[in-house]
Amino acid sequence: MPKRVVDLRDQRALLDIASYGRRGPGHRPLTKAEVEHVSRTARRVPEVMIKISGGARSLRGVQAHLDYIGREGEGVIETDDGAQLQEKGFEKTLVKDWDLDLEEHRRHTQWAVAVGRKPPKLVHNLVFSMPKGAPPDKVYAAVRKFATEKFALQHRYAMALHTDQGHPHVHVVVKAVSEQGERLNIRKATLREWRQDFARYLRDLGVEANATERAVRGEVRPQKATGIHRAMMRGASTLWRERTQSVARELSSGGLRPEPGRERLVATRRDVVRGWNAMAQLLDEQGHRELATVVRRFVERMSPPQSERQWIGRELQARMARARALAGGSSRTPGDS
């Protein structure tokens, strides 16, 4: 079985809150950084997001993605050497400058004997984003700092800011093989570190930002893969439509069927709540009583754990309720009270 280059499964918590529920007596004092992280999470400071949105395995794929993030010549692309590219067709020059044509030839020669195995990626496509309201210029500055710290003088890269989807996000295309011939392997531990660093760079610029796992925050809304999410926004996601129709059929037949993964969701939430409660007690003991109160309120306001199908079901029921309310309201005459 081929080795995964990007593995997002079973990502460990950035704030391992569940471990606090398992600790015995004699807790060590919380560090300043730990207290600040707890405070940001309990106050629901905006969370950074870094997505692996794919990665091209062919020159045509690299050029197409570069053209996309450059808005087909309408946007500005910044490269690792500080160049600002905007003219249409820049992607062909960039591919040649990065020696990707030579890399593709070398790669196919080396991997030609590996029957049935996909060739490795020429580039990684990354997306750094913040929720709506974050200042785009500072998000871009934080990503520039990140790229300089992580990739400069090693991996060639290009980046572009997009603000058209309601929240600022920066696309970064990184050459998979460094100038020293080493391949960039993005693993779950890599992403944990990257999220923390990206959030820290934003805070250095005066932007409130946090990096904590969804389960620890009590987040229940399902995250969709980038491609599915974009299709959903266009109303063109076949997968999402099929799942929605399946849930709708179950609801019309009397309710959703039990799901095997439901027990794991409930068990995870139980561990998280136990950990937060232990953290609140620890904060009280160490003199952070106001923050302990905030943490307890944070736990009380967590939405119940739910699977994707449960979330879809509740969304459908809410929509039907709104539709009935609108239908009832439209049937009323001006003289009705």
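Modeller: Contact means heavy atoms within 4.5 Å. This is a predicted model, in which local features need pLDDT of at least 70, side-chain atom pairs count only at pLDDT 80 or more, and totals for chains, interfaces and linings use all residues. Residues are numbered from 1 along each chain as its sequence is written, and side-chain values use heavy atoms, with hydrogens and water left out.

Biologist: Among contacts between residues at least 6 apart in sequence, what percentage join residues at least 24 apart?

Modeller: The protein has 337 residues, of which 41% are buried (under 20% relative accessible area; exposed is over 50% and partly exposed in between, with a 1.4 Å probe and protein chains only). Among contacts between residues at least 6 apart in sequence, the share that joins residues at least 24 apart is 73%.

Biologist: Which strands stand at the edges of the sheet?

Modeller: Helices (H or I, at least four residues) and strands (E, at least two) are DSSP runs numbered from the N terminus, and the protein has 12 helices and six strands. Two strands pair if DSSP finds at least two bridges between them; the six strands form an open, antiparallel sheet in the order β1-β4-β6-β5-β2-β3. Each edge strand has a single partner strand, so one side of each is left without a neighbour in the sheet; the two are β1 (49-52) and β3 (84-85).

Biologist: Which strands does helix α5 touch where it packs on the sheet?

Modeller: Axes are lines fitted to C-alpha atoms, for helices over the stretch in contact, and angles run from 0 to 180 degrees between N-to-C directions. The direction of helix α5 (residues 136-151) makes about 165° with that of β5. The strands touched by α5 are β2 (77-79), β4, β5 and β6.

Biologist: Which residue in the turn of the β5 and β6 hairpin has a positive phi?

Modeller: Strand β5 (residues 157-162) is joined to β6 by six bridges in the antiparallel sense, with His 162 opposite His 169 and Leu 161 opposite Val 170. The two strands form a hairpin with six residues between them. In the turn, a positive phi of about 90° is found at Gly 166.

Biologist: How many of the residues of strand β6 are buried?

Modeller: β6 also pairs with β4 in the antiparallel sense over seven bridges, and Val 127 stands opposite His 171. Both faces of β6 are covered, with His 169, His 171, Val 173 and Lys 175 buried on one side and Val 170, Val 172 and Val 174 buried on the other. Strand β6 (residues 169-175) is largely enclosed by the rest of the structure, because its buried residues number seven of seven.

Biologist: Which residues form the one aromatic cluster?

Modeller: Rings of Phe, Tyr and Trp (its six-membered ring) pair if their centres lie within 6.5 Å, with planes under 30 degrees apart stacked, over 60 edge-to-face and the rest tilted; the whole structure holds seven aromatic pairs. Phe 128 and Phe 198 have ring centres 5.3 Å apart and planes at 90°, so this pair is edge-to-face, and it links strand β4 (residues 123-129) to helix α6 (residues 188-204) across 70 residues. Phe 146 and Phe 151 are likewise edge-to-face, because their centres lie 6.1 Å apart with planes at 75°. The cluster is formed by Phe 128, Phe 146, Phe 151, Tyr 157, Trp 194 and Phe 198.

Biologist: Which residues of α1 and α11 make the contact between these helices?

Modeller: The axes of helix α1 (residues 32-42) and helix α11 (residues 289-300) come within 9 Å and cross at roughly 40°. The helices are therefore oblique, the class left by roughly parallel (under 35 degrees), roughly antiparallel (over 145) and roughly perpendicular (65 to 115). The contact is made by Val 35, Val 38, Ser 39, Thr 41 and Ala 42 of α1 and by Leu 291, Val 294, Val 295 and Phe 298 of α11.

Biologist: How far apart in space are Gly 275 and Ala 18, C-alpha to C-alpha?

Modeller: Gly 275 is found in helix α10 (residues 262-285) and counts as buried because its relative accessibility is 0%. Leaving aside neighbours within four places in sequence, Gly 275 is in contact with Ile 17, Ala 18, Tyr 20 and Gly 21. Gly 275 and Ala 18 are 257 residues apart in sequence, and their C-alpha separation in space is 4.3 Å.
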